[in-house]
Amino acid sequence: MLGGIFSFHSSWKNIKNTYSEKPLPLECISLNFREFQFAQAMRFAIEEINNNSVLLPGISLGYSIHDTCGSIARSVKVALALNNGNDNASSTLDKPCTRHAQVQALLGETSSSPSAAIATVIGPLHIPLISHFATCACLSDKTKYPSFLRTVPSDYYQSRALAHLVKHFGWTWVGAVRTNDDYGNNGMATFTETAEQLGICLEYSVSFFRTDSTENIQKIIDIIKASTSKVIVAFLSHMDMDVFMHELSFHNLTGFQWVGSESWIFDSQIAAMDKNHILDGAIGLSIPKSNVSGLKEFMFDVKPLISLNNDLFTEFWEALFSCKFKQSQSEDIQRECTGHEDLTGVENSFTDMSLMPIFSNVYKGVYAVAHALHDILNCNETCNNNVQFDPLMILQHIKKIHFQTKEGHDVYFNENGDPAAKYEIINWQPNDHGYVDFISLGLYDASLSADKQLYLQNLSIIWAQRSLQMTVSVCSEKCPPGTRKVLQKGKPVCCHDCVPCAEGEMANNLDSITCVRCPPEFWSNDRRDTCVKKEAEFLRYEEIMGALLTSVSLFGTCLTAAVAVIFFRHRKTPLVRANNSELSFLLLFSLTLCFLCSLTFIGQPSDWSCMLRHTAFGITFVLCLSCVLGKTMVVLMAFKATLPGTNVMKWFGPTQQRISVLGFTLIQVIICIVWLTISPPFPFKNLKEYNDKVILECALGSAVGFWSVLGYIGLLAILCFIFAFLARKLPDNFNEAKFITFSMLIFCAVWITFIPAYVSSPGKFSVAIEIFAILASSFGLLICIFIPKCYIMLLKPEKNTKKHMMGKDVFKSF
């Protein structure tokens, strides 16, 4: 015997108990054709097994099916009645209190809460309870429900699948409605936990039961209306969804994208009730499509049993065919039942075969018990009828069964009494005839690896309000690249502001939590979404400042060459010969080098250019100043030599002048060699001066070497200035010492101002200042020393005489 527990009625009339007399039995209302279909599926499986000569040969299965009216208390009562044979008589002392169960297994209930209550009561008795649609994950706990099994997957997998489905479509801000029972509360708890892990936030999570007051449901409606989320996850049983649909239709609450659980998402009755198209475009998980051959014909082959005095079947038959077995005066009933009615042309929830996957689960449950009994009875061609049945033995064998149905479906239970979890993803798509088509979009298979569990086909999806544009439901839009998320105070993690990354930082992903600092040689672009290589800054020939300095340098070189040509053409004149023509030409050569050495400071620094620019500058300027110093000493000593008793000119002849110039220059060469040997200048990338630029400059290497070079130049310049200043008032008409004094004043002024400007200027400007100092001091020497002479030679040739040089002509002094 197999026991069947179904809710042929969805509810009952509330009767207040006085507790002064025995409570009356429940008066059941709201006939539920679905549960009749489940019972028919159970009957079909039993009859098919009884007609099967291979499975349980010689053994017949019977059934005892009871109505629970949707009441948990009545479900427990029915389960105990099936266990003890429905014996309501009081126990007597002459009969034992313990005896074997009257049924070998129970099939039912459809809902999770009644199943949990039944499993709690019969668990210690080890009586197997196999449910076809109780999906609460709580029922997988074998410490609480040791004898519970089911042919429908646990909501643990469905809840996680729903969360991954919501995440797949990018919905991070959703609302949730659940049934206030074990099914809804446990299912939503798992969904919420998984959603949080996936970065999904719930704006609200409300619960209700179909027997709640209208005021409580109205509160839920108000919450939905006030919400900003556009997606609602509905973890509702089909009966609660039925009630909720009426309220949604009354308020015309459209515009929301519904995500449903398997309890209602593939229920054609719910779809037919949605007259206002509130649920159009709904997406959810359903039990994969399956078929039980012959079941539809079995269900449609029903005949009334007029002779059977059974109020339940009478009520069923009258509701099915809208008739009365006895003539009624009601205007709603137009005819009397004849007993010959059939289902030809009848369209109602009983003839709706859309719940075939659940029928298949009932079918599998019956066959699971049959296969277990087949093994226990050692059936081959015949069965051993002498085996004593024990509930624990049956339960253990059911847990071990593994077989295939005639349609090829595998049936087995894991250690928690659950089957393999696989769901079909469906979409409600209204058709042109006003009905809803359940379109399969893909599968969710929990047995696969995490990255392959969710599979969606590339199909066109109908969204809320029949839109082809996917619904968007986020608290805050995704932060674009170049920004980072900052949570809004007091709000869920899905609500955030997008703050631009700081300079030098970037974020190249959507919804970046932090901005990444760019490497030292890189800088963030204007959009802050990538790091770009910093612009290398150095004094280039192509830029205006570089081109201008180059032009001035070349102009100075050409001017010096022109002066040299003039001096060479007038080399035999008194003015050139009187001013030591050899040192003059050497000075002009050194000035040419000074002008040209400024070009080594322009362009990208390299190892050779860094060493050359400072050493060339130091040596050429020392050579230049050595010549000037030699000329100054000659002028000064020439005057001293005219005094009586002096013979100092023998120490300042041409040879001595050459040696002095060579000696002074050699000292600078030695300083430069030591500098280059110990710590030479080298190319350096200055990353600190500017954030968005790399300054390519020449590091000094040894600062002592650099300042030694400059210091030595400064020493010679000071000596030149002192000697020239002492000789400035000598009585010649053309006193060269006076012009050397002016040139040294310019030279010293330039280089004194150069030092603070060089130290404080950044990047290429420090190089430009150094070039400017070189060019300014070179032009000062060239103009002050040589231009007056050129003026005389070219424009006043009458003054280019020895007599005028000695100050003995009638012309005014120069």
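Residues 24 or more positions apart supply 68% of the protein chain's contacts at a separation of 6 or more. Keep that in view during the tour. The model is predicted.

**Whole chain**

Show the protein chain as a cartoon. It holds 21 helices and 26 strands. Of its 814 residues, 50% count as buried. Switch to a surface. The accessible area comes to about 39500 Å², and carbon and sulfur atoms own 57% of that.

Nonpolar side chains tend to be buried together in soluble globular proteins. Select F244, W258 and W264. These have the most contacts inside the largest nonpolar core, which has 93 residues. Now select helix α11, residues 356–376. This helix gives the core its largest share, 13 residues.

Centre on W264. Which residues does W264 touch, leaving aside those up to four places away in sequence? The list is A234, L236, H238, M241, W258, V259, I270, L279, A282 and W428.

Next, pick A616, V661, A773 and I792. They belong to another core of 64 residues, which lies apart from the largest one.

**Aromatic rings**

A search of the whole structure finds 23 aromatic pairs. Zoom to F169 and W463. Their rings are edge-to-face, with 5.2 Å from centre to centre and 85° between the planes. F169 sits in the loop between α4 (155–168) and β8 (173–179), while W463 sits in the loop between β17 (454–456) and β18 (483–487), so the pair ties together parts 294 residues apart in sequence.

Then select F44, F298, Y363 and Y367. These four form one aromatic cluster.

Most residues other than glycine have a negative phi, and most peptide bonds are trans.

- Go to G108 and E109. A cis peptide bond joins them, with omega about -15°. E109 is in the loop between β5 (105–107) and α3 (112–122).
- Move to H126. Its phi is positive, about 65°, although H126 is not a glycine. This residue is found in the loop between α3 and β6 (129–131). H126 counts as partly exposed because its relative accessible area is 32%, which falls between the 20% and 50% cut-offs.
- Jump to N378. Here phi is about 50°, again positive in a residue that is not a glycine. N378 lies in the loop between α11 and α12 (391–400). N378 counts as exposed because its relative accessibility is 54%, over the 50% cut-off.

**A three-stranded sheet**

Strands of a sheet pair through backbone hydrogen bonds, either parallel or antiparallel. Select β24, β25 and β26. What is the order of the strands in this open sheet? The order is β24-β26-β25, and the pairing is mixed. At the edges are β24 (535–537) and β25 (682–686), each pairing on one side only. Neighbouring strands are turned by 30° against each other on average, direction ignored.

Look between β24 and β26. Strand β26 covers residues 693–699 and pairs with β24 in the parallel sense over 3 bridges. Finish by labelling A536 and V694. A536 stands opposite V694 in β26.

Notes:
Residues are numbered from 1 along each chain as its sequence is written. This is a predicted model: local features need pLDDT of at least 70, side-chain atom pairs count only at pLDDT 80 or more; totals for chains, interfaces and linings use all residues. Side-chain values use heavy atoms; hydrogens and water are left out. Two strands pair if DSSP finds at least two bridges between them. Helices (H or I, at least four residues) and strands (E, at least two) are DSSP runs, numbered from the N terminus. Axes are lines fitted to C-alpha atoms, for helices over the stretch in contact, and angles run from 0 to 180 degrees between N-to-C directions. Buried means under 20% relative accessible area, exposed over 50%, partly exposed in between (1.4 Å probe, protein chains only). Contact means heavy atoms within 4.5 Å. Accessible areas come from the Shrake-Rupley method with a 1.4 Å probe; for residues, only the protein chains shown count as cover. A nonpolar core is a set of buried Ala, Val, Leu, Ile, Met, Phe, Trp, Tyr and Cys residues joined through side-chain atoms within 4.5 Å. Rings of Phe, Tyr and Trp (its six-membered ring) pair if their centres lie within 6.5 Å; planes under 30 degrees apart count as stacked, over 60 as edge-to-face and the rest as tilted.
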